[in-house]
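Here is a short briefing on one chain.

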Amino acid sequence: MKISYKKLWIILVERGMSKKTLRSQCNIAANTMTRLNKSEKVSLDVLIKICASLGCNIGDICDVVPDEPAIKAEK
């Protein structure tokens, strides 16, 4: 399973907020912001901080994306 923060980036654009501003408001470390940018897993605490700052729920900022099923080679 993978995680997507596409919803978070859309919210930031809609609110005219930069990633730098979000990082500052939520007191997020630079390496954590990098992980968000790369759609990597971050702690639940970080997601809660972001939700509190934006006034939303976790489902409003991220999605769990199932892995692509392996394509079986035909014989």
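The points below are grouped by topic.

This is a predicted model, in which local features need pLDDT of at least 70, side-chain atom pairs count only at pLDDT 80 or more, and totals for chains, interfaces and linings use all residues. Residues are numbered from 1 along each chain as its sequence is written, and side-chain values use heavy atoms, with hydrogens and water left out.

**Fold and shape**
- The chain holds four helices and two strands, taken as DSSP runs (helices H or I, at least four residues; strands E, at least two).
- Their order from the N terminus is β-α-α-α-α-β.
- The radius of gyration, over C-alpha atoms, is 15 Å, against 11 Å from the globule rule for 75 residues, so the chain is more spread out than a compact globule. That rule is 2.2 Å times the number of residues to the power 0.38.
- Along the principal axes, the C-alpha box is roughly 55 × 25 × 20 Å.

- Buried residues (under 20% relative accessible area, 1.4 Å probe, protein chains only) make up 29% of the 75.

**Cysteines**
- The disulfide count is zero, where a disulfide is a pair of cysteine sulfur atoms within 2.5 Å.
- The closest cysteine sulfur to that of C26 is in C51, 9.1 Å away, too far for a bond.
- C26 is buried at 4% relative accessible area.
- C56 is also buried, at 15%.

Definitions and conventions
Buried means under 20% relative accessible area, exposed over 50%, partly exposed in between (1.4 Å probe, protein chains only).
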